[in-house]
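Here's a quick briefing to read with the model open beside you. Let's go through the fold, the core and the charged pairs.

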Amino acid sequence: MTSLNVPVQMRFFDQDQYGHINNVTMLRYFEDARVRLTASPIAKDPDHGVPEDTTFRESVGELRTVVAHQSVDYKEQLFFRMDPVFVRTWISRIGGSSFTISYRLQEEDGSHVYAEGESVIVVMDPDTGRSVKLSEDHRALLGSLEDDVKYSHAQ
């Protein structure tokens, strides 16, 4: 799989007093995309025991995923409009017990980028509150959501 391009319908109350989409609202748009990415059906992978249409969210089972870190770089003002804006999202790094989801708030074709961000997600045991090492199956599932899109910290 490559990146997922999630349409977001702006709401009138997403604006702040300056008439542009509020910076905190953009994080909500990223959250929406993150949930959709981890709930996206993944192709069958018999080598890793992945049945047809499994999602990463389902594979985690009783474990939890928590946001350990978020960052966002605002590139251009985004003003309210009736047409949707898009969040392109993908897995950009897979670690021992964590993975990074990257985002780009943009026009559908990528012609304008309004913000870029990352979330570091940690898998944890709900009983102990401690991080849990990603299994090989989890790593394979996340790998199918990876893309080589480069996140740019440059302004």
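Going along the sequence, the pattern is β-α-α-β-β-β-β-α. That comes from three helices and five strands, where helices (H or I, at least four residues) and strands (E, at least two) are DSSP runs numbered from the N terminus. Keep in mind that this is a predicted model: local features need pLDDT of at least 70, side-chain atom pairs count only at pLDDT 80 or more, and totals for chains, interfaces and linings use all residues. Residues are numbered from 1 along each chain as its sequence is written, and side-chain values use heavy atoms, with hydrogens and water left out.

**Overall numbers**

- Of the 155 residues in the protein, 39% are buried; buried means under 20% relative accessible area, exposed over 50%, and partly exposed in between (1.4 Å probe, protein chains only).
- The protein exposes about 8500 Å², and carbon and sulfur atoms supply 49% of that; the areas come from the Shrake-Rupley method with a 1.4 Å probe, and for residues only the protein chains shown count as cover.
- Take the contacts (heavy atoms within 4.5 Å) between residues at least 6 apart in sequence: 67% of them join residues at least 24 apart.

**The nonpolar core**

- In soluble globular proteins, nonpolar side chains tend to be buried together.
- Here the largest nonpolar core has 29 residues, and the members touching the most others are Tyr29, Leu78, Val85, Val87, Ile91, Phe99 and Leu105.
- Such a core is a set of buried Ala, Val, Leu, Ile, Met, Phe, Trp, Tyr and Cys residues joined through side-chain atoms within 4.5 Å.
- At least two core residues come from each of β1 (4–8), α1 (23–38), α2 (56–60), β3 (85–94), β4 (98–106), β5 (113–124) and α3 (136–143).
- Helix α1 gives the largest share of this core, with five residues.
- Leaving out residues up to four places away in sequence, Leu105 touches Met26, Tyr29, Phe30, Leu78, Val85, Phe86, Val87, His112, Val113, Tyr114 and Ala115.

**A closer look at Phe30**

- Phe30 sits in helix α1 and counts as buried because its relative accessibility is 1%.
- Not counting residues up to four places away, Phe30 touches Val72, Val87, Tyr103, Leu105, Ala115, Glu116 and Gly117.
- Phe30 and Ser119 are 89 residues apart along the chain, yet 8.9 Å separates their C-alpha atoms.

**Salt bridges**

- There are five salt bridges, counting a side-chain nitrogen of Lys or Arg within 4 Å of a carboxyl oxygen of Asp or Glu.
- Asp14 pairs with Arg11 at 3.2 Å, N to O; Asp14 is buried at 0% relative accessible area, while Arg11 is partly exposed at 36%.
- Lys75 pairs with Glu116 at 3.6 Å, N to O. This pair links distant parts of the chain, with Lys75 in the loop between β2 (64–74) and β3, and Glu116 in strand β5, 41 residues apart.
- Lys75 is partly exposed at 26% relative accessibility, whereas Glu116 is buried at 4%.
- Lys75 and Glu116 also belong to a network of salt bridges with Arg104.
- Asp147 and Arg88 meet at 4.0 Å, N to O. Because Asp147 lies in the segment after α3 and Arg88 in strand β3, the pair ties together parts 59 residues apart in sequence.
- Asp147 is buried, with 17% relative accessible area, and Arg88 is partly exposed, with 25%.
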